[in-house]
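Subject: Structure for you to look at

Hello,

Here is the structure I promised to pass on. Please open it and keep it beside you while you read my notes.

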Amino acid sequence: MNWDRLGKAAHKAAETPIIERFVDPNRAREFAVEAGDLLFDYSKTSMDEAGRSLLLEMFDEAAIPLRRQAMFGGESINETERRAVLHTALRNPGAAPAMVDGQDVMPGVLGTLGRMETFVEGVRDGSIRVTGGKVTDVINIGIGGSDLGPAMAALALAPYHDGPRCHFVSNVDAAHVNDILLPLRPETALVIVASKTFTTIETMTNADTVRKWIGESVGDVDSGSHFVALSSAEDRASAFGIGPERVFGFEDWVGGRYSVWGPIGLSLMIAIGPEAFRSFLSGGHAMDMHFQAAPPLQNMPVMLALTGLWHNQGLGYATRAILPYEQRMSRLPAYLQQLEMESNGKGVSMNGSELPVHSGPVVWGEPGTNGQHAFFQLIHQGTRVVPCEFMIGAAGHEDALAHQHRLLVANCLAQSEALMRGRTLSEATAMLADSFSGEELERQARHRVFPGNRPSTTLAYPSLTPFVLGQILALYEHRVFVEGAMIGINSFDQWGVELGKALARDLEPVVSGEADAGGKDASTAQLVSFVHRHAG
């Protein structure tokens, strides 16, 4: 893969200001992609036709269509763990088989989905009860993908909630579980313990705390009726006190950060109901079909990925900001942060050699318009260029407050325009001419100059429905796949999370005082000593 060629093409294209690209009246239309009701506009970037053609050549050179076919065909493309990558099967409506090792996995997928729906309907209509009667609150205990996915989606789809209230506990920090439990009644709480292995230390520590909280109120004998397990370890769930009828498992070809489509989405299904959850799955499946069928230039995940490569590997922009102008999508940046950085934050190619180019960027963000009054200062006038990925719905859910949504849309569109257009020194000087003069006028004006020529993309959608949310999440999943495959890495393992976890297990007895800090570095020993002095 000729990354040097891409870098030269990208820097050459960047010599032309983005706004000058719009001399071409067809620029906006030709540098945009539609998929269903979604519109992805990447025209406010420095990418030109020559650069795009080069990226498409590289796409072909990397044999992405064959790699994509291998993924949807159930081949073990997660080579370091020797696993298939088939989370797409979880949102397959069942018309077509999905094969892994010669076996159609769809009967199992649909069977589990049916069990989930039966259970959810029982919880929602009150036929499945807990000690205090009908379930009023659901507490999902998980971490990573077992928390970020359902927590993000449940907040995003708040207008569709008509079931019990949902709460999410992830951090092993006692403050998190304590603050969630404080206003709740244990007698009417249903607890979902989400851990594939049922050994995740943060999740199981919180689960033990919540089990004790419920047991103190209803008694240990009855507390088992308050728990559900999302796990493949039925034996460990049973030892915890959860019967097999309350265990919903998923296979090793579903990675944690790709798991919201299956049993990990149980809390979401309880909140919005099986029908809306099916619509969410349908949105994801629609994007799967688009990704497989559309030619590269009209393929939204492909062009989103190629734009990301243009900015990161081509121009060297090390970060990207995710900016949903949708308050209910406030957890989406964190969700995509895990999806992208855990997937593509690698330094070794598939063959074990060091990468010849940087891997995935740092992903971060907040919802607009909050960010405008925080970090947009750096984005507009800072010394580093941060490509921005805006998201906006044409309509909100609050009809009586439509004027506020129009203001939100105006802000979103204005920010992308301002990043591109900027403000020159002469414009700033003219603006201040009535208030200052001479050297002071020039000094003040310089503070009001905006460099402009800063790239952004915008993803627009009609309104945030379960179907649209499914489309967006699947879009970004496939973007990660394309970028990772073109860089030459395995996007589906996460060995980088292992070392710190192993060291934490070793350090726990040192922190508790059961073992000394001998053999630890001086900094760690000093910090342990500080904790011992002040922990009480």
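This is a predicted model: local features need pLDDT of at least 70, side-chain atom pairs count only at pLDDT 80 or more; totals for chains, interfaces and linings use all residues.

R82 has a relative accessibility of 73%. The cut-off for exposed is over 50%, so R82 counts as exposed. You will find R82 in the loop between α4 (64–72) and β3 (99–100). Its backbone is worth a look too. R82 is not a glycine, yet its phi is positive, at about 55°.

D101 sits in the loop between β3 and β4 (103–104). Its relative accessible area is 71%, so D101 is exposed.

The peptide bond from G368 to T369 is cis, with omega near 10°. T369 is in the loop between β13 (362–365) and α15 (376–381).

Now the whole chain. The chain has 21 helices and 15 strands. Along the principal axes, the C-alpha atoms fill a box of roughly 80 × 60 × 60 Å. Of the 536 residues, 50% are buried. The chain exposes about 23,800 Å², and carbon and sulfur atoms supply 52% of that area.

Contacts reach along the sequence as well. Take the contacts between residues at least 6 apart in sequence. Of these, 74% join residues at least 24 apart.

Next, helix α5. This helix covers residues 106–125, which is 20 residues. How far apart should its ends be? At 1.5 Å a residue, α5 should span 28 Å. The C-alpha atoms at its ends are 28 Å apart, so the two values agree. Several α5 residues are buried, including M106, V109, L113, M116, F119 and V123.

Helix α5 has a partner, α12 (residues 274–293). Two packed helices are described by the angle between their axes and the distance between the axes. Here the angle is about 145° and the axes are 10 Å apart. Which residues of α5 and α12 meet? From α5 come L113, E117, V120, E121 and R124. From α12 come P274, F277, R278 and L281. By class, this contact has five nonpolar residues, four charged ones and no polar ones.

Last, helix α6. This helix covers residues 145–156, so to speak a stretch of 12 residues. From first C-alpha to last, α6 reaches 16 Å, close to the 16 Å expected at 1.5 Å a residue. Why is α6 described as largely enclosed by the rest of the structure? Because 11 of its 12 residues are buried. Among them are G145, D147, L148, P150, M152 and A156. What covers the buried residues of α6? The cover includes the strands β7 (137–141), β8 (165–169) and β9 (189–194). It also includes the helices α11 (266–272), α14 (332–344) and α19 (466–487).

Best wishes

Technical notes: Residues are numbered from 1 along each chain as its sequence is written. Side-chain values use heavy atoms; hydrogens and water are left out. Helices (H or I, at least four residues) and strands (E, at least two) are DSSP runs, numbered from the N terminus. The expected span of a helix is 1.5 Å times one less than its number of residues. Buried means under 20% relative accessible area, exposed over 50%, partly exposed in between (1.4 Å probe, protein chains only). Axes are lines fitted to C-alpha atoms, for helices over the stretch in contact, and angles run from 0 to 180 degrees between N-to-C directions. Contact means heavy atoms within 4.5 Å. Ala, Val, Leu, Ile, Met, Phe, Trp, Tyr, Cys and Pro count as nonpolar, Asp, Glu, Lys and Arg as charged, and the others, Gly among them, as polar. Accessible areas come from the Shrake-Rupley method with a 1.4 Å probe; for residues, only the protein chains shown count as cover.
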